[in-house]
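Hi,

Here is the structure I promised to pass on.

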Amino acid sequence: MFTATPLNRRSYRNQSLAKAVFFLMTVVLVIPVLLIVGTLVVKGAPAISWEFLFTAPTDNMTAGGIFPALVGTIWLVVVALLASVPVGVAAALYLSEYAPDNLLTRTINLAIINLAGVPSIVHALFGFGAFVLFFRMGQSILAASLTLAVMTLPVVIVATRESLQAVPQAFREACWNMGATRWQTIRKVVLPNSISGILTGVILEVSRTAGETAPIMFTGATAFVAFLPEGVLDQTMAMSYHLYYIATQATNVPEELTFGVALVLIAIVLMMNAVSIGFRVYLRGLKKW
Amino acid sequence: MVEVAGETAVVNGVPGPAYDEPPIIEVRDLSIAYRGKPALSDVTLDIHRHEIFGIIGPANSGKTSFLRALNRMDAFNTAMEVSGSIRINGKNINDWRNEYALRSRIGVVFPLPVGLPLTVYENVAFSPRLRGIRKRAELDEVVERCLTRAALWDEVKDRLDSLGSLLSGGQQQRLTIARALSQEPELLLLDEFSIAVDPVTTMRIEDVLKELRSELTIVLVTNLVQQARRLADRTAFFLMGELVEIGATEDLFEGDVKDKRTTGYIEGRFG
Ligand SMILES: Nc1ncnc2c1ncn2[C@@H]1O[C@H](COP(=O)(O)OP(=O)(O)OP(=O)(O)O)[C@@H](O)[C@H]1O
Ligand SMILES: [Mg+2]
């Protein structure tokens, strides 16, 4: 009765094989990550100190710290966030909850996905032409942040739309059937159950923004300013551009300094990801179905 | 054009259907298709105020589609195409520019219960809140009344703050009944409302429905022909997207039919 047939045994063997292959691929994926982070930590850690984090570079960038770049990156990210999140979330709400399912909507959705694939250097040139020159913002935090915002907008929209669409359609229909309008349904049922996904998606995208160099290179980042930015129309240093600069343009920069900057940059990104994951876990706990 | 079954009778102190008044629902040449594939064709019927109107028929005969059309649910599904006319209270339902107002007057219960991801209390208070009821005492009162009518109050009165989706299947189904009642609807559309509910509780809900008839009109789709017999004043028999016949329920069940297929279905010879 309860003995395995040859077919059972073959299925079992195949399943073990599949599992082994997938595990191997995961290892292949993890190794480079560990190598990169390991190298950065080993070579960059000696450079890290309070002084490194909280002073400006000196001696033609060959010594001193990274404080203005750190502050500049925060400025850029926050202003980009303020521009892209409201627009992106609103557009995603429209596309997912209101727009009729027709050719136009599907074309727009496709265009947005394609926009997410446009290389960042193209966004950089667009930002330079549109914000720096045409809108006369000059090279400034504002122009750079708006360029970053345009670049992240498609991803914010896609991430938001995916979270919205993870809310079962049956919930919406149950609300509509009681006479709730679309907006009442969004406010009372759809958003409360998708907000965790939206927020984590947005944070992940923003952390990507922090690492971008090309879009800010022509639009607002500068190799060196001794003072901190005071408003959105100032130029600023930024971590990513600083790293690019000391690694390729400046001369006689000690290796540990370069790795130190890279380490801090990656730490910022990983920290944001950690916050986003923590957030997701917390909000998962509150999820209602 | 539709037969009127008997005079306005008083049954157990509850006034019967108002056959002498203009009908609350007038359906004319209603056809429904999904992406061009017909699900229901050329249905013409009237439903009267304070009537329990039963709809029976085998699977796939278009019963659910009919209810969906009454609530304008074709707006939720681009595949669903409705033609012909449906008038409720004398007004074509497509002439309601504010379709939300229309739906708020119609309570619906579908066979697969959907507990909203809210507490039991908030599930039932949802619609009253939409109507602008804010006072806690007033909401409490509505919630208790509706849950009691749906024969659920005793089971959930100590866990009103737990999630509706954590209730058992049958409880969730009664929750959706309570939710539909909380709309204080003029029209209640029930689609196999007792599919997951045990027989004893089903009887309690059926008793409530009989009482509710004095306040509203009920369209009852059911796979249990005996349930139609117990509840419905008149019953329609749908078959393969076609309305075979409508008659006073007792007549149909006693074999006084115009089409032999009706008796065949009622007696379980096919379906
Ligand atoms: N959302 C839909 N999309 C496409 N076709 C559908 C949809 N809903 C129903 N149909 C089709 O319409 C026809 C009638 O279905 P309907 O649900 O109205 O039948 P029913 O009488 O309620 O059956 P049951 O007793 O099984 O509930 C079926 O052929 C079905 O495949
Ligand atoms: Mg059905």
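A crossing of two helices counts as left-handed if the near helix is turned anticlockwise from the far one by less than a right angle, and as right-handed if clockwise. Helices (H or I, at least four residues) and strands (E, at least two) are DSSP runs, numbered from the N terminus. With that in hand, the crossing of α4(B) and α6(B) is right-handed.

Some housekeeping: this is a predicted model, where local features need pLDDT of at least 70 and side-chain atom pairs count only at pLDDT 80 or more, while totals for chains, interfaces and linings use all residues. Residues are numbered from 1 along each chain as its sequence is written, and chains are lettered from A and ligands numbered from 1 in the order in which they are written.

Back to the helix pair. α4(B) and α6(B) pack at about 130°, and their axes are 8 Å apart (axes are lines fitted to C-alpha atoms, for helices over the stretch in contact, and angles run from 0 to 180 degrees between N-to-C directions). That angle is why α4(B) counts as oblique to α6(B): under 35 degrees is roughly parallel, over 145 roughly antiparallel, 65 to 115 roughly perpendicular, and the rest oblique. On the α4(B) side the contact is made by Val142(B), Cys146(B), Leu147(B) and Arg149(B), and on the α6(B) side by Ala178(B), Leu181(B) and Ser182(B). Contact here requires C-beta atoms, placed from the backbone, within 7 Å.

After α3(B) comes Gly132(B), with a positive phi near 95°.

What about the loop between α6 and β9 (187-191) of chain B? Glu184(B) sits there, and Glu184(B) is partly exposed because 17 other C-beta atoms lie within 10 Å.

Between the chains, 19 residues of chain B are in contact with 16 residues of chain A. On the chain B side, α2 (99-104) and α3 (120-130) each supply at least two residues, and α2(B) gives the most, with four.

Finally, the ligand: of the 13 residues around ligand 1, Tyr34(B), Ala39(B), Ala59(B), Thr64(B) and Ser65(B) come nearest (near means a C-beta atom, placed from the backbone, within 6 Å). Helix α1 (residues 63-70) of chain B gives the most to that shell, with three residues.

Cheers

How values were computed. Contact = placed C-beta atoms within 7 Å. Buried ≥ 20, exposed ≤ 12 C-beta atoms within 10 Å, placed from the backbone.
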